[in-house]
Amino acid sequence: MSTRSEISKDVAGVVFTGCGVTNAAPAQPGGRRRQVVVNGRRVKTIDVHAHCVIPETLSMMGKKLEDQRGPGLGEVGVDRIRAMDEQGIDVEALSINPFWYKAERDLAAQIIKIQNEKLAELCAANPDRFVAFASVSLQFPDLAVQQLVEGVKKLGLRGAAVGAGVAGEAFSEPKFHPFWAKAEELGVLIFIHPQGTPELAKKFKGNGWLANTIGNPLDTTIALSHLIFEGTLDRFPGLKICSAHGGGYLPSYGPRSDNCLRVAPEMDTGVKLKKHPTEYLRQMYYDTLVFTSEALRHLAVEVGVSQLVIGTDHPIPWQSQSVDHILNAPGFSDDERIAMLSETAAKLLGIKL
């Protein structure tokens with residue numbers, strides 16, 4: 001493991017967001033790295049859902065670092081890797097939640113160039129611990145295509161992280177087809193992370209942090225539903241999509257989608273799907289950031305164990321026991337646990353086990 005000074009020097013300018021609450025399992029004796037073992041087999045665990053920000057690009061959009069998650073923000077250092085060690089996470093796939101979708105073209109291009117280069121620098125400095133998703137300017141789909149290609153082919157990034165829509169436009173709109181086509185051609189993973197549903201801000205007022213608690217999974221549910229019902233997944237059948245937070249609400253209520261056009265056929269817009277909506281759920285991927293063993297079991301039943309990968313939301317403490325969440329949930333075989341912890345993500349992200 002690198003020393004504090006080595007890591008800080010190698011990845012200057014990258015900050016991992018937090019909120020003043022630890023997101024780690026109890027420390028191992030002597031600060032040792034937790035070794036995850038399934039039935040005697042050492043498993044290399046891979047987390048597809050982990051965040052960081054670049055202060056330089058935040059400031060370019062008039063945003064402040066301290067406003068991102070409140071107190072507890074700090075420069076990258078051994079603390080991040082120590083938390084991974086304590087949780088039993090060997091590799092994190094880093095992503096930056098889009099805040100640049102309203103930027104003008106030249107500014108957006110500058111932001112993405114800086115972010116992707118710094119993400120690549122961080123991964124190069126710690127190749128056994130980090131991979132990253134490229135940022136892309138999806139408000140300009142032609143530019144996003146260029147950024148995806150450069151990020152993957154030149155910088156070694158493993159796909160792209162996107163919001164659940166762009167300035168109120170669904171990803172199923174034809175203007176985004178070139179981006180999906182290029183992602184399919186490259187065979188890389190697109191990680192969808194919600195941005196809430198600002199249109200419902202009035203309804204989300206009050207206690208409960210509803211803009212996030214309800215708004216984020218709802219945003220994902222809407223995004224995936226459009227990709228299904230507007231035929232995007234038929235148009236690009238090889239597309240690899242992974243969504244945060246277990247896919248929002250859709251996997252929990254998918255069969256309603258199978259029945260909607262039977263009940264209200266007049267709502268058919270003319271897109272003739274090749275499969276039932278629930279069948280498309282089983283070709284996408286989802287992180288395991290659901291909160292009980294029963295929720296994980298249900299998600300696996302609805303989409304298939306083969307479609308699940310670890311998601312911690314690190315360092316935001318939604319799920320601080322993500323490895324144990326999988327290890328301790330009843331009803332899974334050893335092979336299924338290993339697939340969720342390691343093998344599926346390794347295949348999607350090109351990580352050698």
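The model is predicted, so local features need pLDDT of at least 70 and side-chain atom pairs count only at pLDDT 80 or more, while totals for chains, interfaces and linings use all residues. Residues are numbered from 1 along each chain as its sequence is written, and side-chain values use heavy atoms, with hydrogens and water left out.

Helix H7 spans residues 177-186; helices (H or I, at least four residues) and strands (E, at least two) are DSSP runs, numbered from the N terminus. Its buried residues are His177, Phe179, Trp180, Lys182 and Ala183, where buried means under 20% relative accessible area (1.4 Å probe, protein chains only). These residues pack against several elements, among them helix H6 (141-154), strand E8 (159-162) and helix H9 (215-229).

Why does threonine 278 count as buried? Threonine 278 is buried because its relative accessible area is 17%. Its side chain makes a polar contact (2.5 Å) with the side chain of aspartate 258; such a contact is a pair of N or O atoms within 3.5 Å, and within protein one must be able to donate a hydrogen and the other to accept it, while residues adjacent in sequence count only if both atoms are side-chain atoms. Leaving aside neighbours within four places in sequence, threonine 278 is in contact (heavy atoms within 4.5 Å) with Gly254, Pro255 and Asp258.

Conventions:
Buried < 20%, exposed > 50% of the residue type's maximum accessible area, 1.4 Å probe, protein only.
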